[in-house]
Each structure stands twice: as structure tokens, then as C-alpha cells.
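This report goes through one protein chain, region by region. Please keep the sequence and the structure at hand while reading.

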Amino acid sequence: MKIVKTVQEVRDIVNEWRKEGLKVGLVPTMGYLHEGHQSLIAKSVAQNDRTVVSIFLNPIQFGPTEDLESYPRDPERDAKLCEDTGADLIFRPDVSDMYYDDFCTFVDMDIITKNLCGKSRPTHFRGVCTVVLKLFNIVKPDRAYFGQKDAQQLAVIKRMVRDFNIDIEIVGCPIVREADGLAKSSRNTYLNPEERKAALILSHSLKKGMDVIKTGETNSKKIIDAITEVINTEPLAKIDYVSVVDAVTMQDVEAIKNDVLVAIAVKIGKTRLIDNFSFSV
């Protein structure tokens, strides 16, 4: 496995693979990798001849009061996880390798980015789409892999690929959870022991939502109320949103008629956590 920092190095290596007729998978990450990222890498390794993992803490997807400076980092651990899982190349650029000093071109998306996380993080998806499009243009993979925990991000990337006619298959991979149900996240490391215990309210409340749906309930408000009631039993939890949305458009629905996403964002202490489940009609 190689680790490179510059755009040209990645292009030179991938071009050689292309000459051999090899299929290439890309796993974009911000680093501090965990078993969720590992599952994406493993999927890419299984489906492609070569796998590139990008590790780049993208500054333009962080708001001015968000955790860019404190975001956890462990490049040596990341490299070992990638190598152990079968990745062939790590692309770990500096900010200066990704953005010129006078960089001024961004990807803005409407509608699908305005709900859920887009309400409280209005510039987030602009940064996500811009850096992902850059990575697609640099690596030119056949497939790219994203986790379903960030379900809105996955939907946004799929829409960008469709709208720009990008010839890349986007592969969504299932949420990987701790043994007690908490969704794996690099930000879980921020939680102290009391907050870590409180964070289980996310998976517990979503289970309640799924149980309500399984009884035949289709009214979104009643599903949301059931989830909210559970979250409110945890004093450390502050709700950002509890929503039932169309799985493709990310727009609120009054009732379950098509495939939906039931999504929540909750702040535990100073840490914002998200979780979700999909339900197919």
C-alpha cells in the first residue's frame, strides 16, 4: 500500500492501473477511521481491483463554530486500518493540495440540501459536494463508497452524480454499530462516560419509531411524536430534528406512502450525533 499527498501522484498511479484495465474504487473519508469506514473499504476491495482511500479533513464543510480544529486525528492508525483491510492507495493531501489560494468555485445544490442537517448547517453540503466532486475528478473511480449513517449526504452525492452525468456508481453501505446499538462515528470520541451512555437514546428512540411503523402506523406526526417522547426521557439529549422524509428528495412527508428515511439529530453535551433507518413500502 502506498501513501501519497499530491494530485499528480494519484493520477499517475491510477492511470497505470487504467492501462491494465483494472477497476478502481474510492472511499472518501475525513480520517480517524473506525469499523464503519473499514466496512466501506472492505466492500470496495471486494468489488474492485484497486481501492483508493482519501483522508482529507475538508475545511469548507465546517461552519465557523464547528469542530474543525478539534476533530480527532490519528494518521498512523488510519494507515494500518487501510492496509489491514486491503486498500492499495491512501491519498492524504494538505489543504494547499486541494484548494488554490484563490479558489472560488463551489457546488451548490438546492432543495435536497435544505432539510435535516442542512437547516442547522447551511454551508455543510456545499463543502461536501465540492470536495467530493474534486475527488471524483482526481481519482476517476468506477465506484465510490459512502455510509448510510450519513443518509442525507448519500442522497446528495447520488443526486449530484445524476445531475452532472458523472459516470461513477455510488454504493451505499449499511450502518455499523457498537454492540450496544450506538452508530459508529469519529465524533463518539468526544463523549465522556455519562454522555456515551446517554447517546444510546438515539438507537432506542429509533427502535420505538420502527416498532410503531410495524404496527401499521403511517402518519408521520405520530411516528415523530413516539420517537420524540423517548428522546425526551434523556436529560442530556437536545433534539435538533426528528423527521420522516422521502428517501430520495429528503423532503418531509405527512404519511408513509413510498420509501422513507426516519432521521434524527440529537446533541449530547456539546456533541451532535445523527442516526436513521430506512423503511420501504
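Two strands are said to pair if DSSP finds at least two bridges between them. The model discussed here is predicted.

## Strand S3 and its partners

Strand S2 (residues 24-29) is joined to S3 by 6 bridges, and these two strands run parallel. Within this pairing, Leu 26 stands opposite Val 52 of S3. On the way from S2 to S3 the chain passes through helix H2 (residues 35-47), and this β-α-β crossover is right-handed.

S3 also pairs with strand S4 (residues 89-91), in the parallel sense, over 3 bridges. Here Ser 54 stands opposite Phe 91 of S4. A right-handed β-α-β unit is formed by S3, H3 and S4. As for covering, 5 of the 6 residues of S3 are buried, so that the strand is mostly covered. In general, side chains in a regular strand alternate between the two faces of the sheet.

Is Gln 61 buried or exposed? Gln 61 counts as buried because its relative accessibility is 8%, and the cut-off for buried is under 20%.

Leaving out residues up to four places away in sequence, Gln 61 touches Met 30, Glu 66, Arg 121, His 124, Gly 127, Val 128 and Val 131. Thr 130 is 69 residues from Gln 61 along the chain, yet the C-alpha atoms of the two are separated by 8.9 Å. The side chain of Gln 61 also makes a polar contact, at 2.9 Å, with the side chain of Asn 58.

## The nonpolar cores

The largest nonpolar core has 49 residues. Which of them touch the most other members? They are Phe 91, Phe 136, Ile 157, Met 160 and Ile 170. Several elements supply at least two residues each to this core, including helix H1 (7-19), strand S5 (143-147) and helix H7 (151-163). Helix H6 gives the most, with 10 residues.

Ile 170 is in contact with Phe 136, Ala 144, Phe 146, Leu 154, Ile 157, Lys 158 and Val 161, when neighbours within four places in sequence are set aside.

## Ser 205 in helix H9

Ser 205 belongs to helix H9 (residues 201-214). Its relative accessibility is 0%, and therefore Ser 205 counts as buried. Beyond its neighbours within four places in sequence, Ser 205 is in contact with Ile 227, Val 230, Ile 231 and Ile 264.

## Two residues with positive phi

Most residues other than glycine have a negative phi. Tyr 32 has a positive value, near 50°. Tyr 32 is found in the loop between S2 and H2. With 23% relative accessibility, Tyr 32 counts as partly exposed.

Met 250 also has a positive phi, near 65°. Met 250 sits in the loop between S7 and S8. Is Met 250 buried or exposed? The relative accessible area of Met 250 is 1%, so this residue is buried.

Notes:
Residues are numbered from 1 along each chain as its sequence is written. This is a predicted model: local features need pLDDT of at least 70, side-chain atom pairs count only at pLDDT 80 or more; totals for chains, interfaces and linings use all residues. Side-chain values use heavy atoms; hydrogens and water are left out. Buried means under 20% relative accessible area, exposed over 50%, partly exposed in between (1.4 Å probe, protein chains only). Contact means heavy atoms within 4.5 Å. A polar contact is a pair of N or O atoms within 3.5 Å; within protein, one must be able to donate a hydrogen and the other to accept it, and residues adjacent in sequence count only if both atoms are side-chain atoms. Helices (H or I, at least four residues) and strands (E, at least two) are DSSP runs, numbered from the N terminus. A crossover is right-handed if, with the strands pointing away from the viewer, the path from the first strand over the helix to the second runs clockwise. A nonpolar core is a set of buried Ala, Val, Leu, Ile, Met, Phe, Trp, Tyr and Cys residues joined through side-chain atoms within 4.5 Å.
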